[in-house]
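Open the model in your viewer and keep the selection panel at hand. The stops below are given in the order to select them.

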Amino acid sequence: EENGHQNKRLKRDEDEEGVEDQNKKLPKRKIVLLMAYSGKGYHGMQRNVGSSQFKTIEDDLVSALVQSGCIPENHGEDMKKMSFQRCARTDKGVSAAGQIVSLKVRLIDDILEKINNHLPSHIRILGLKRVTGGFNSKNKCDARTYSYMLPTFAFAHKDHDVQEEVYRLDKETLEKVNQLLACYKGTHNFHNFTSQKGPRDPSAKRYIMEMFCGEPFVRENVEFAVIKVKGQSFMMHQIRKMIGLVIAIVKGYAAESILERSWGEEKVDVPKAPGLGLVLERVHFEKYNRRFGNDGLHEPLEWTEEEEKIAVFKEQYIYPTIINTEREEKSMANWLNTLSIHDFNSSAVEMQANKNSK
């Protein structure tokens, strides 16, 4: 009996080695993966090789790629070897419904199923497409769409005593929010909406194609709304600060004129909304699709067939995480209490002078 067990085990080991050898013979191909993930508990998307204390989405992804046999182990340690490139670096706690990564893999059978088997359920690969050899998901991406889900009591005026579960956004306030969000459209100097960039840094100029807040809806007795923003590219914390400043204006902490001022050269105190509600919705490859999408060899990078899977993932993992975390940790409610500390009227120079004189 013992011999029988041993023979079975040896056969299994041989089978696994056979599969591994077969994988090694497969040619490597450049592909893109469509990813969705809930970012809670992660320090963003991008892997910090050599730093194991901060877990990132890419740590889990690379481990699944190695375990499924798509990439050799040494490629996991040095991601340049597989020409790995993410389309967007999402910050700590931020989720994605349509993140894209490009990389070279061995095209094994049932590849998506095998990768997903080695991933936690809150990270899914929803689609895969072959791309040109020189494709780089970051450089070839010509726009990104993000959404930001927030409880609507964030827009209640500061002088009104608001009960969070009872508050409902009225039509006039929603119109006001949309009028302010529309001001961001076009090209502006967003140096005040990120850190480490001066007013004369050309890379602080960014182009926003659209920004609006949709109709509110109720979940778990609390009313929420979703802000959508599409832009060429965004800097660290930019979207959260754009939304933070609009909330400060609608609540009556800051004058509307602060928007124009923030694009000027002076340093303006811009508050940063919590990261919790931010989701990378989709990335756009319009130029690439025009050039290669119908060349007979490559598919356009559009994900119409995956739309349903994306919607199901959001309903199952992203929205419940945002709603439950908001209810338990009150990240928006706590952040709103900090708005009164900001000085929206004076520039940084005046603020410093006041501190010195005190």
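Start with Asp-91, where UniProt, in an unreviewed entry, places the feature "active site"; UniProt positions follow the numbering used here, feature names are shortened, and annotations may be inferred rather than shown by experiment. This is a predicted model, in which local features need pLDDT of at least 70 and side-chain atom pairs count only at pLDDT 80 or more, while totals for chains, interfaces and linings use all residues. Residues are numbered from 1 along each chain as its sequence is written, and side-chain values use heavy atoms, with hydrogens and water left out.

Asp-91 sits in the loop between strand 2 (85–86) and strand 3 (95–106); helices (H or I, at least four residues) and strands (E, at least two) are DSSP runs numbered from the N terminus. Leaving aside residues up to four places away in sequence, Asp-91 touches (heavy atoms within 4.5 Å) Gly-44, Met-236, His-237 and Arg-240.

Next, select helix 5, residues 171–182. Its buried residues (under 20% relative accessible area, 1.4 Å probe, protein chains only) are Thr-173, Leu-174, Val-177, Leu-180 and Leu-181. They lie on the same side of helix 5, because they cover an arc of only 125° around the axis, taken from the directions from the helix axis to the C-beta atoms. The face turned away from that side carries Lys-171 and Glu-172, both exposed (over 50%). Show strand 7, strand 9 (222–231), helix 6 (238–250) and helix 7 (258–262) to see what the buried residues of helix 5 pack against.

Finish in strand 7 (residues 205–213) with Arg-206. Among the residues that Arg-206 touches are His-188, Phe-190 and Phe-234.

Conventions:
Expected span 1.5 Å × (residues − 1).
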